[in-house]
Amino acid sequence: RQVGTRARPVIDIEKEGLLLLSEALAAIGDQYAIYGFSGQTRQSVDIQIIKDFDQRSGGRVGLKISGITPRQQNRDGAAIRHATHRLLQQAAKVRLLILISDGKPLDDDYADEYSLEDTKMALREARMKGVEPFCITIDRDADHYVRRMYGDVRYMVIDCIEGLPEKLPRIYHRLTA
């Protein structure tokens, strides 16, 4: 979609997709949480709770989603490990972790081979613990690293970001059907 002559920022389209997905999950009654993450170095990985498992869905969730802003760097491995820990605390038959990313993991000393391998290891650890990860990457240039980073975990590369909002609820339905 275009607004005037400028394309919409990726973060705005991701937020729209999250809002639609959260509304769909609330409508069917599935328990869910939404976390954002950012940081600078391994000593400062911040997890932003948009909606936790024990919080009700509703208007506040929409407001929190609309308030998401890009922050610093992204250590995907640390965020995956945190989300896995939170999922394992839930009494659920199916534990699904959906990671939405707009590119390679990157932080001060967390780049290239190290970041790809750490992300792959965190996803492998999640699966070994009974969490089923599904990764969505919004990066037209992802082909050269995404297979290696996600390994044997199911993933999807979305090269047309504008389709994300409508695809997210359908992806969730496919994963849980």
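Me: Which residue in β7 does T137 stand opposite?
Reply: Strand β6 (residues 132-137) and strand β7 (residues 154-157) pair in the parallel sense over four bridges, where pairing needs at least two bridges found by DSSP. Strands (E, at least two residues) and helices (H or I, at least four) are DSSP runs, numbered from the N terminus. The residue opposite T137 is V157.

Me: Before we go on, what kind of model is this?
Reply: Residues are numbered from 1 along each chain as its sequence is written, and side-chain values use heavy atoms, leaving out hydrogens and water. Local features need pLDDT of at least 70, side-chain atom pairs count only at pLDDT 80 or more, and totals for chains, interfaces and linings use all residues, since the model is predicted.

Me: In what order do the strands of the open sheet come?
Reply: β5 (96-101) and β7 are the edge strands, each pairing on one side only. From one strand to the next, the twist averages 15°. The pairing is parallel, and the three strands come in the order β5-β6-β7.

Me: What is the bridge partner of I100 in β6?
Reply: β5 and β6 run parallel, joined by six bridges. Elsewhere, L97 stands opposite P133 in β6, and the chain gets from β5 to β6 through α4 in a right-handed β-α-β crossover. As for I100, the partner is I136.

Me: At about what angle does α6 run to β5?
Reply: Angles go from 0 to 180 degrees between N-to-C directions, and axes are lines fitted to C-alpha atoms, for helices over the stretch in contact. α6 lies across β5, β6 and β7, and its angle to β5 is about 155°.

Me: How far apart are the axes of α1 and α6?
Reply: α1 passes α6 in a right-handed crossing; that label goes to a near helix turned clockwise from the far one by less than a right angle, and left-handed to anticlockwise. Contact means heavy atoms within 4.5 Å, and residues meeting here include L18 and L21 in α1 and L168 and Y172 in α6. Helix α1 (residues 10-28) and helix α6 (residues 164-176) pack at an angle of about 35°, with axes 7 Å apart.

Me: How many nonpolar residues are in that contact of α1 with α6?
Reply: Ala, Val, Leu, Ile, Met, Phe, Trp, Tyr, Cys and Pro count as nonpolar, Asp, Glu, Lys and Arg as charged, and the others, Gly among them, as polar. The contact of α1 with α6 has three charged residues, one polar and, for the nonpolar class, twelve.

Me: How is α3 oriented relative to α4?
Reply: Helix α3 (residues 76-88) and helix α4 (residues 112-128) pack at about 15°, their axes 8 Å apart. Under 35 degrees counts as roughly parallel, over 145 as roughly antiparallel, 65 to 115 as roughly perpendicular and the rest as oblique. So α3 is, relative to α4, roughly parallel.

Me: And how do α4 and α5 lie to each other?
Reply: Their axes come within 7 Å and cross at roughly 40°. The contact includes L116 and L123 of α4 with Y145 and M149 of α5. The orientation of α4 and α5 is therefore oblique.

Conventions:
A crossover is right-handed if, with the strands pointing away from the viewer, the path from the first strand over the helix to the second runs clockwise.
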